[in-house]
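Subject: Structure handover

Hello,

Please find the structure below, followed by notes on what was found in it.

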2 protein chains.
Amino acid sequence: MSPATIHGVIAVLGGSGHLGGALARRWARAGHSLVLGSREAAKAAEAAAGLSAECGVAVRGLSNRDAAAAADIVVVTVPYASQERVLEDIRPVVAGKLVVDTTVPLVPPKVMRVQLPVEGSAAVRAQRILGDAVTVVSAFHNVAAHKLALSGPVDCDVLVFGDQKEARERVVALAVAAGLRGLHAGALVNSAAAEALTSILIFINKTYAVDGAGLRITGALGTGA
Amino acid sequence: MSPATIHGVIAVLGGSGHLGGALARRWARAGHSLVLGSREAAKAAEAAAGLSAECGVAVRGLSNRDAAAAADIVVVTVPYASQERVLEDIRPVVAGKLVVDTTVPLVPPKVMRVQLPVEGSAAVRAQRILGDAVTVVSAFHNVAAHKLALSGPVDCDVLVFGDQKEARERVVALAVAAGLRGLHAGALVNSAAAEALTSILIFINKTYAVDGAGLRITGALGTGA
(Lines give C-alpha, C1' and ligand atoms only; values in the text may rest on other atoms or scores of the structure.)
Protein backbone atom coordinates (compact mmCIF):
# COMPACT_ATOMS: atom_id res chain seq x y z
CA MET A 1 0.00 0.00 0.00
CA SER A 2 1.28 3.45 -0.82
CA PRO A 3 0.20 6.15 1.61
CA ALA A 4 -2.75 8.38 0.91
CA THR A 5 -2.12 12.04 0.25
CA ILE A 6 -3.05 14.33 3.10
CA HIS A 7 -5.79 16.72 2.05
CA GLY A 8 -7.00 19.66 4.08
CA VAL A 9 -6.13 21.31 7.33
CA ILE A 10 -4.80 19.39 10.32
CA ALA A 11 -5.79 20.60 13.78
CA VAL A 12 -3.53 19.51 16.62
CA LEU A 13 -5.44 19.78 19.89
CA GLY A 14 -3.17 19.93 22.88
CA GLY A 15 -0.85 21.59 20.41
CA SER A 16 1.09 23.37 23.12
CA GLY A 17 1.93 20.04 24.78
CA HIS A 18 4.94 17.79 24.23
CA LEU A 19 3.45 15.26 21.81
CA GLY A 20 1.18 17.74 20.03
CA GLY A 21 3.94 20.30 19.65
CA ALA A 22 6.36 17.72 18.28
CA LEU A 23 3.87 16.33 15.75
CA ALA A 24 2.84 19.82 14.67
CA ARG A 25 6.46 20.82 14.09
CA ARG A 26 7.10 17.78 11.90
CA TRP A 27 3.92 18.33 9.88
CA ALA A 28 4.64 22.05 9.51
CA ARG A 29 8.13 21.27 8.22
CA ALA A 30 6.60 18.84 5.74
CA GLY A 31 4.47 21.69 4.40
CA HIS A 32 1.05 20.72 5.70
CA SER A 33 -1.67 23.22 6.64
CA LEU A 34 -1.95 23.36 10.40
CA VAL A 35 -3.90 24.93 13.18
CA LEU A 36 -3.09 24.44 16.85
CA GLY A 37 -5.71 24.11 19.56
CA SER A 38 -5.43 24.44 23.30
CA ARG A 39 -7.81 24.85 26.20
CA GLU A 40 -6.72 28.48 26.25
CA ALA A 41 -6.62 30.09 22.84
CA ALA A 42 -3.85 32.42 24.02
CA LYS A 43 -1.60 29.46 24.80
CA ALA A 44 -2.27 27.96 21.38
CA ALA A 45 -1.60 31.30 19.72
CA GLU A 46 1.73 31.55 21.49
CA ALA A 47 2.76 28.05 20.41
CA ALA A 48 1.55 28.75 16.87
CA ALA A 49 3.56 31.97 16.68
CA GLY A 50 6.69 30.04 17.70
CA LEU A 51 6.03 27.37 15.12
CA SER A 52 5.31 29.92 12.39
CA ALA A 53 8.58 31.72 13.07
CA GLU A 54 10.57 28.49 13.26
CA CYS A 55 9.16 26.81 10.18
CA GLY A 56 8.35 29.81 8.01
CA VAL A 57 4.70 28.85 7.65
CA ALA A 58 1.49 30.47 8.83
CA VAL A 59 0.06 28.50 11.75
CA ARG A 60 -2.91 29.77 13.73
CA GLY A 61 -3.59 29.05 17.38
CA LEU A 62 -7.17 28.81 18.62
CA SER A 63 -9.28 27.22 21.30
CA ASN A 64 -9.58 23.44 20.89
CA ARG A 65 -13.12 23.78 19.58
CA ASP A 66 -12.34 26.55 17.11
CA ALA A 67 -9.29 24.66 15.89
CA ALA A 68 -11.37 21.51 15.38
CA ALA A 69 -14.03 23.53 13.55
CA ALA A 70 -11.39 24.96 11.20
CA ALA A 71 -9.83 21.59 10.30
CA ASP A 72 -10.51 18.50 8.22
CA ILE A 73 -8.41 16.17 10.34
CA VAL A 74 -8.43 16.63 14.11
CA VAL A 75 -5.54 15.12 16.08
CA VAL A 76 -6.21 14.91 19.81
CA THR A 77 -3.05 14.90 21.95
CA VAL A 78 -4.34 15.68 25.42
CA PRO A 79 -3.75 13.81 28.69
CA TYR A 80 -6.09 10.95 29.52
CA ALA A 81 -7.64 12.99 32.33
CA SER A 82 -8.69 15.64 29.78
CA GLN A 83 -9.82 13.33 26.98
CA GLU A 84 -13.51 13.22 27.83
CA ARG A 85 -13.82 16.97 28.40
CA VAL A 86 -12.01 17.88 25.18
CA LEU A 87 -13.94 15.39 23.05
CA GLU A 88 -17.27 16.57 24.43
CA ASP A 89 -16.19 20.12 23.74
CA ILE A 90 -15.41 19.46 20.06
CA ARG A 91 -18.23 16.99 19.37
CA PRO A 92 -20.58 19.63 17.89
CA VAL A 93 -18.00 20.62 15.25
CA VAL A 94 -16.42 17.32 14.11
CA ALA A 95 -19.31 15.42 12.49
CA GLY A 96 -18.09 13.85 9.26
CA LYS A 97 -14.45 14.51 10.12
CA LEU A 98 -11.53 12.26 10.89
CA VAL A 99 -10.49 12.42 14.55
CA VAL A 100 -7.12 10.90 15.39
CA ASP A 101 -7.01 10.01 19.07
CA THR A 102 -3.55 9.54 20.61
CA THR A 103 -4.72 9.08 24.18
CA VAL A 104 -2.85 6.61 26.35
CA PRO A 105 -4.85 5.70 29.45
CA LEU A 106 -2.06 6.26 31.96
CA VAL A 107 -3.34 6.61 35.51
CA PRO A 108 -0.77 8.44 37.67
CA PRO A 109 1.04 7.68 39.84
CA LYS A 110 1.17 4.06 38.57
CA VAL A 111 2.01 4.85 34.96
CA MET A 112 4.10 1.67 34.60
CA ARG A 113 1.00 -0.42 35.29
CA VAL A 114 -1.49 -1.21 32.52
CA GLN A 115 -4.88 0.19 33.54
CA LEU A 116 -7.14 0.06 30.51
CA PRO A 117 -10.51 1.83 30.83
CA VAL A 118 -13.76 -0.11 31.21
CA GLU A 119 -14.45 0.49 27.53
CA GLY A 120 -11.37 -1.60 26.76
CA SER A 121 -9.33 1.25 25.28
CA ALA A 122 -9.17 5.00 25.20
CA ALA A 123 -9.85 4.82 21.47
CA VAL A 124 -13.16 3.01 21.88
CA ARG A 125 -13.99 5.49 24.63
CA ALA A 126 -13.32 8.32 22.16
CA GLN A 127 -15.61 6.76 19.58
CA ARG A 128 -18.39 6.38 22.16
CA ILE A 129 -18.06 9.99 23.26
CA LEU A 130 -18.01 11.37 19.71
CA GLY A 131 -20.71 9.12 18.28
CA ASP A 132 -21.11 7.39 14.96
CA ALA A 133 -21.02 10.55 12.85
CA VAL A 134 -17.29 10.82 13.52
CA THR A 135 -14.55 8.55 12.19
CA VAL A 136 -12.10 7.79 14.99
CA VAL A 137 -8.66 6.37 14.28
CA SER A 138 -6.06 5.95 17.00
CA ALA A 139 -2.28 6.16 16.63
CA PHE A 140 0.98 7.66 17.96
CA HIS A 141 0.68 5.93 21.36
CA ASN A 142 4.22 4.62 21.63
CA VAL A 143 6.50 7.27 20.21
CA ALA A 144 8.50 9.23 22.79
CA ALA A 145 7.55 12.91 22.49
CA HIS A 146 11.06 14.12 23.34
CA LYS A 147 12.50 12.06 20.49
CA LEU A 148 9.82 13.26 18.11
CA ALA A 149 10.69 16.82 19.13
CA LEU A 150 14.12 16.40 17.54
CA SER A 151 14.36 16.50 13.77
CA GLY A 152 16.08 13.13 13.32
CA PRO A 153 14.65 9.67 12.73
CA VAL A 154 12.77 7.98 15.55
CA ASP A 155 13.27 4.24 15.99
CA CYS A 156 9.61 3.48 16.62
CA ASP A 157 6.72 2.29 14.49
CA VAL A 158 3.27 3.87 14.64
CA LEU A 159 0.48 1.32 14.96
CA VAL A 160 -2.71 2.67 13.40
CA PHE A 161 -6.13 1.42 14.54
CA GLY A 162 -9.53 2.05 13.03
CA ASP A 163 -12.55 0.26 11.65
CA GLN A 164 -12.22 1.72 8.15
CA LYS A 165 -9.19 0.96 6.04
CA GLU A 166 -9.35 4.26 4.12
CA ALA A 167 -9.39 6.28 7.33
CA ARG A 168 -6.47 4.28 8.70
CA GLU A 169 -4.62 4.91 5.46
CA ARG A 170 -4.93 8.68 5.96
CA VAL A 171 -3.35 8.30 9.39
CA VAL A 172 -0.58 6.09 8.02
CA ALA A 173 0.11 9.04 5.70
CA LEU A 174 0.21 11.39 8.70
CA ALA A 175 2.80 9.13 10.33
CA VAL A 176 4.88 9.09 7.15
CA ALA A 177 4.61 12.88 6.91
CA ALA A 178 6.07 13.03 10.44
CA GLY A 179 8.99 10.85 9.36
CA LEU A 180 7.68 7.69 10.98
CA ARG A 181 6.63 4.29 9.72
CA GLY A 182 2.89 3.77 10.03
CA LEU A 183 1.39 0.28 10.05
CA HIS A 184 -2.22 -0.78 9.72
CA ALA A 185 -2.90 -2.63 12.97
CA GLY A 186 -6.56 -3.51 12.67
CA ALA A 187 -9.87 -2.52 14.22
CA LEU A 188 -10.26 0.30 16.72
CA VAL A 189 -10.65 -2.19 19.59
CA ASN A 190 -7.10 -3.36 18.86
CA SER A 191 -5.88 0.01 20.11
CA ALA A 192 -5.76 -1.62 23.56
CA ALA A 193 -2.48 -3.27 22.54
CA ALA A 194 -0.62 -0.05 21.76
CA GLU A 195 -2.20 1.84 24.65
CA ALA A 196 -1.13 -0.88 27.09
CA LEU A 197 2.31 -1.10 25.55
CA THR A 198 3.14 2.45 26.58
CA SER A 199 3.18 1.41 30.23
CA ILE A 200 5.58 -1.39 29.29
CA LEU A 201 7.86 1.08 27.48
CA ILE A 202 7.88 3.34 30.54
CA PHE A 203 8.73 0.32 32.70
CA ILE A 204 11.56 -0.65 30.34
CA ASN A 205 12.88 2.92 30.32
CA LYS A 206 13.18 2.76 34.08
CA THR A 207 14.39 -0.84 34.41
CA TYR A 208 17.05 -0.66 31.72
CA ALA A 209 17.85 3.06 32.03
CA VAL A 210 16.72 3.68 28.45
CA ASP A 211 16.03 7.16 27.14
CA GLY A 212 12.80 6.52 25.27
CA ALA A 213 12.36 2.86 24.33
CA GLY A 214 10.32 2.30 21.18
CA LEU A 215 8.61 -0.45 19.27
CA ARG A 216 9.43 -2.05 15.94
CA ILE A 217 7.38 -4.67 14.16
CA THR A 218 9.80 -7.06 12.49
CA GLY A 219 9.17 -8.71 9.15
CA ALA A 220 6.65 -6.09 8.01
CA LEU A 221 7.27 -3.95 4.97
CA GLY A 222 5.04 -1.05 5.89
CA THR A 223 5.15 2.49 4.60
CA GLY A 224 7.54 5.09 5.88
CA ALA A 225 10.75 5.54 7.87
CA MET B 1 20.99 -7.52 34.71
CA SER B 2 22.61 -10.84 33.88
CA PRO B 3 20.19 -13.75 33.56
CA ALA B 4 19.59 -16.17 36.38
CA THR B 5 20.76 -19.74 35.98
CA ILE B 6 17.99 -22.23 35.34
CA HIS B 7 17.80 -24.78 38.13
CA GLY B 8 15.69 -27.90 38.09
CA VAL B 9 13.38 -29.62 35.68
CA ILE B 10 11.23 -27.74 33.17
CA ALA B 11 7.83 -29.20 32.31
CA VAL B 12 6.33 -28.09 29.01
CA LEU B 13 2.57 -28.66 29.10
CA GLY B 14 1.05 -28.77 25.66
CA GLY B 15 4.46 -30.13 24.74
CA SER B 16 3.15 -31.87 21.66
CA GLY B 17 1.82 -28.58 20.27
CA HIS B 18 3.56 -26.07 18.01
CA LEU B 19 4.77 -23.54 20.59
CA GLY B 20 5.44 -26.11 23.32
CA GLY B 21 7.29 -28.43 20.97
CA ALA B 22 9.44 -25.61 19.63
CA LEU B 23 10.37 -24.29 23.09
CA ALA B 24 11.09 -27.81 24.35
CA ARG B 25 13.41 -28.48 21.42
CA ARG B 26 15.40 -25.31 22.05
CA TRP B 27 15.69 -26.00 25.79
CA ALA B 28 16.65 -29.62 25.16
CA ARG B 29 19.38 -28.51 22.77
CA ALA B 30 20.63 -26.09 25.41
CA GLY B 31 21.03 -29.03 27.79
CA HIS B 32 18.18 -28.41 30.21
CA SER B 33 16.26 -31.15 32.02
CA LEU B 34 12.85 -31.49 30.46
CA VAL B 35 9.60 -33.34 30.74
CA LEU B 36 6.73 -32.97 28.29
CA GLY B 37 3.10 -32.97 29.30
CA SER B 38 -0.03 -33.46 27.24
CA ARG B 39 -3.67 -34.17 27.91
CA GLU B 40 -2.93 -37.71 26.77
CA ALA B 41 0.24 -39.15 28.25
CA ALA B 42 0.72 -41.30 25.15
CA LYS B 43 0.87 -38.22 22.94
CA ALA B 44 3.43 -36.62 25.24
CA ALA B 45 5.47 -39.83 25.30
CA GLU B 46 5.53 -39.89 21.52
CA ALA B 47 6.69 -36.26 21.31
CA ALA B 48 9.26 -36.90 24.03
CA ALA B 49 10.65 -39.92 22.21
CA GLY B 50 11.09 -37.82 19.07
CA LEU B 51 12.82 -35.07 21.01
CA SER B 52 15.07 -37.55 22.83
CA ALA B 53 16.18 -39.10 19.57
CA GLU B 54 16.69 -35.75 17.86
CA CYS B 55 18.59 -34.03 20.66
CA GLY B 56 20.35 -36.97 22.29
CA VAL B 57 18.86 -36.31 25.70
CA ALA B 58 16.42 -38.23 27.88
CA VAL B 59 13.03 -36.51 27.81
CA ARG B 60 9.98 -38.11 29.40
CA GLY B 61 6.39 -37.64 28.28
CA LEU B 62 3.58 -37.72 30.83
CA SER B 63 0.10 -36.41 31.46
CA ASN B 64 0.01 -32.67 32.08
CA ARG B 65 -0.49 -33.21 35.80
CA ASP B 66 2.25 -35.80 36.18
CA ALA B 67 4.63 -33.63 34.19
CA ALA B 68 3.83 -30.61 36.38
CA ALA B 69 4.33 -32.75 39.50
CA ALA B 70 7.75 -33.84 38.26
CA ALA B 71 9.02 -30.35 37.49
CA ASP B 72 10.27 -27.22 39.22
CA ILE B 73 9.24 -24.84 36.45
CA VAL B 74 5.95 -25.48 34.63
CA VAL B 75 5.49 -23.85 31.23
CA VAL B 76 1.89 -23.87 30.03
CA THR B 77 1.52 -23.71 26.23
CA VAL B 78 -2.07 -24.75 25.65
CA PRO B 79 -4.79 -23.00 23.66
CA TYR B 80 -6.88 -20.36 25.44
CA ALA B 81 -9.91 -22.65 25.35
CA SER B 82 -7.96 -25.26 27.36
CA GLN B 83 -6.24 -22.90 29.81
CA GLU B 84 -8.75 -23.13 32.64
CA ARG B 85 -9.10 -26.91 32.47
CA VAL B 86 -5.34 -27.51 32.39
CA LEU B 87 -4.59 -25.09 35.21
CA GLU B 88 -7.30 -26.60 37.41
CA ASP B 89 -5.89 -30.01 36.64
CA ILE B 90 -2.36 -29.10 37.76
CA ARG B 91 -3.29 -26.83 40.67
CA PRO B 92 -2.90 -29.58 43.31
CA VAL B 93 0.72 -30.23 42.29
CA VAL B 94 2.21 -26.77 41.60
CA ALA B 95 2.10 -25.05 45.00
CA GLY B 96 5.38 -23.22 45.55
CA LYS B 97 6.43 -23.66 41.93
CA LEU B 98 6.96 -21.22 39.10
CA VAL B 99 4.25 -21.47 36.42
CA VAL B 100 5.02 -19.75 33.13
CA ASP B 101 1.79 -19.01 31.31
CA THR B 102 2.05 -18.37 27.56
CA THR B 103 -1.68 -18.16 26.89
CA VAL B 104 -2.88 -15.65 24.32
CA PRO B 105 -6.63 -15.03 24.60
CA LEU B 106 -7.45 -15.51 20.93
CA VAL B 107 -11.14 -16.12 20.33
CA PRO B 108 -11.67 -17.84 16.95
CA PRO B 109 -12.77 -17.04 14.37
CA LYS B 110 -11.87 -13.37 15.03
CA VAL B 111 -8.24 -13.91 16.01
CA MET B 112 -7.19 -10.57 14.49
CA ARG B 113 -9.43 -8.77 16.97
CA VAL B 114 -8.25 -8.03 20.52
CA GLN B 115 -10.66 -9.74 22.93
CA LEU B 116 -9.09 -9.65 26.37
CA PRO B 117 -10.84 -11.69 29.09
CA VAL B 118 -12.88 -10.04 31.84
CA GLU B 119 -9.93 -10.52 34.19
CA GLY B 120 -7.96 -8.15 31.94
CA SER B 121 -5.47 -10.76 30.76
CA ALA B 122 -5.02 -14.50 30.47
CA ALA B 123 -2.08 -14.19 32.87
CA VAL B 124 -4.17 -12.66 35.65
CA ARG B 125 -6.78 -15.32 34.96
CA ALA B 126 -4.08 -17.97 35.42
CA GLN B 127 -3.03 -16.48 38.75
CA ARG B 128 -6.65 -16.43 39.95
CA ILE B 129 -7.18 -20.05 38.96
CA LEU B 130 -3.93 -21.25 40.56
CA GLY B 131 -4.15 -19.15 43.71
CA ASP B 132 -1.57 -17.29 45.75
CA ALA B 133 0.58 -20.34 46.55
CA VAL B 134 1.79 -20.35 42.94
CA THR B 135 4.08 -17.81 41.29
CA VAL B 136 2.74 -17.00 37.82
CA VAL B 137 4.90 -15.28 35.22
CA SER B 138 3.70 -14.81 31.64
CA ALA B 139 5.86 -14.70 28.52
CA PHE B 140 6.36 -16.01 24.95
CA HIS B 141 3.10 -14.47 23.66
CA ASN B 142 4.47 -12.90 20.50
CA VAL B 143 7.00 -15.29 19.04
CA ALA B 144 5.84 -17.21 15.98
CA ALA B 145 5.95 -20.93 16.77
CA HIS B 146 6.97 -21.89 13.23
CA LYS B 147 9.99 -19.59 13.44
CA LEU B 148 10.89 -20.89 16.88
CA ALA B 149 10.69 -24.42 15.46
CA LEU B 150 13.69 -23.67 13.24
CA SER B 151 17.10 -23.56 14.84
CA GLY B 152 18.05 -20.06 13.71
CA PRO B 153 17.64 -16.69 15.40
CA VAL B 154 14.12 -15.28 15.77
CA ASP B 155 13.68 -11.54 15.28
CA CYS B 156 11.32 -11.09 18.23
CA ASP B 157 11.73 -10.04 21.86
CA VAL B 158 10.07 -11.88 24.71
CA LEU B 159 8.26 -9.58 27.13
CA VAL B 160 8.21 -11.10 30.61
CA PHE B 161 5.49 -10.17 33.10
CA GLY B 162 5.25 -10.99 36.78
CA ASP B 163 4.86 -9.38 40.16
CA GLN B 164 8.20 -10.64 41.49
CA LYS B 165 11.43 -9.55 39.90
CA GLU B 166 13.29 -12.75 40.81
CA ALA B 167 10.63 -14.93 39.20
CA ARG B 168 10.67 -12.76 36.06
CA GLU B 169 14.43 -13.11 35.99
CA ARG B 170 14.15 -16.90 35.84
CA VAL B 171 11.87 -16.58 32.83
CA VAL B 172 14.21 -14.08 31.17
CA ALA B 173 16.80 -16.86 31.54
CA LEU B 174 14.41 -19.34 29.91
CA ALA B 175 14.05 -16.96 26.96
CA VAL B 176 17.81 -16.59 26.67
CA ALA B 177 18.19 -20.39 26.84
CA ALA B 178 15.81 -20.58 23.86
CA GLY B 179 17.99 -18.13 21.91
CA LEU B 180 15.68 -15.16 22.43
CA ARG B 181 16.03 -11.81 24.12
CA GLY B 182 13.92 -11.59 27.26
CA LEU B 183 12.92 -8.24 28.73
CA HIS B 184 11.41 -7.45 32.09
CA ALA B 185 8.08 -5.83 31.23
CA GLY B 186 6.54 -5.21 34.62
CA ALA B 187 3.68 -6.53 36.71
CA LEU B 188 1.52 -9.49 35.73
CA VAL B 189 -1.37 -7.18 34.80
CA ASN B 190 0.88 -5.71 32.10
CA SER B 191 0.62 -9.02 30.27
CA ALA B 192 -2.48 -7.56 28.58
CA ALA B 193 -0.15 -5.61 26.28
CA ALA B 194 1.68 -8.64 24.87
CA GLU B 195 -1.46 -10.77 24.77
CA ALA B 196 -3.30 -8.09 22.80
CA LEU B 197 -0.33 -7.53 20.54
CA THR B 198 -0.55 -11.06 19.16
CA SER B 199 -3.82 -10.18 17.40
CA ILE B 200 -2.07 -7.17 15.89
CA LEU B 201 0.79 -9.35 14.65
CA ILE B 202 -1.70 -11.75 13.05
CA PHE B 203 -3.42 -8.77 11.41
CA ILE B 204 -0.08 -7.47 10.12
CA ASN B 205 0.85 -10.92 8.80
CA LYS B 206 -2.32 -10.90 6.74
CA THR B 207 -2.31 -7.25 5.69
CA TYR B 208 1.33 -7.08 4.65
CA ALA B 209 1.73 -10.73 3.62
CA VAL B 210 4.36 -11.29 6.31
CA ASP B 211 5.47 -14.76 7.38
CA GLY B 212 5.51 -14.28 11.14
CA ALA B 213 5.83 -10.63 12.14
CA GLY B 214 7.58 -10.08 15.46
CA LEU B 215 8.22 -7.38 18.00
CA ARG B 216 11.42 -5.59 18.96
CA ILE B 217 11.79 -3.05 21.73
CA THR B 218 14.22 -0.39 20.53
CA GLY B 219 16.70 1.36 22.75
CA ALA B 220 16.69 -1.38 25.39
CA LEU B 221 19.82 -3.33 26.25
CA GLY B 222 18.17 -6.43 27.59
CA THR B 223 19.64 -9.87 27.95
CA GLY B 224 19.86 -12.35 25.12
CA ALA B 225 19.70 -12.61 21.35
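Chain B can be laid on chain A by a turn of 180 degrees and a shift of 0.0 Å along the axis, with an RMSD of 0.0 Å; the superposition is by least squares on the C-alpha atoms of residues with pLDDT of at least 70 in both copies. The two copies are thus related as by a two-fold rotation axis.

The model is predicted: local features need pLDDT of at least 70 and side-chain atom pairs count only at pLDDT 80 or more, while totals for chains, interfaces and linings use all residues. Residues are numbered from 1 along each chain as its sequence is written, and chains are lettered from A and ligands numbered from 1 in the order in which they are written.

**Interface**

The contact takes 37 residues from chain B and 37 residues from chain A, where two residues are in contact if their C-beta atoms, placed from the backbone, lie within 7 Å. On the side of chain B that touches chain A, β8 (181–184), α8 (191–207) and β9 (214–218) each supply at least two residues. Helices (H or I, at least four residues) and strands (E, at least two) are DSSP runs, numbered from the N terminus. The largest share of that side, nine residues, comes from α8(B). Because 100% of the interface residues of chain B are also interface residues in chain A, the copies meet through the same surface.

Strand β9 of chain A (residues 214–218) runs antiparallel to β9(B), and five bridges join them; strands pair if DSSP finds at least two bridges between them. Ile217(A) has Leu215(B) as its bridge partner in β9(B).

**Chain A**

Chain A has eight helices and nine strands. Its C-alpha trace spans about 40 × 40 × 35 Å along its principal axes. Of the 225 residues of chain A, 58% count as buried, that is, 20 or more other C-beta atoms (placed from the backbone) lie within 10 Å of the residue's own. Among the contacts in chain A with a separation of 6 or more, 71% are accounted for by residues 24 or more positions apart.

**Helix α5 of chain B**

In α5(B) (residues 122–130), eight of nine residues are buried, including Arg125(B) and Gln127(B). The buried residues of α5(B) pack against α4 (80–90), β5 (98–101), β6 (135–138) and α8 of chain B. Gly131(B), which follows α5(B), has a positive phi, near 85 degrees.

Regards

Terms used
A residue is buried if 20 or more other C-beta atoms lie within 10 Å of its own, exposed if 12 or fewer, and partly exposed in between; C-beta atoms are placed from the backbone.
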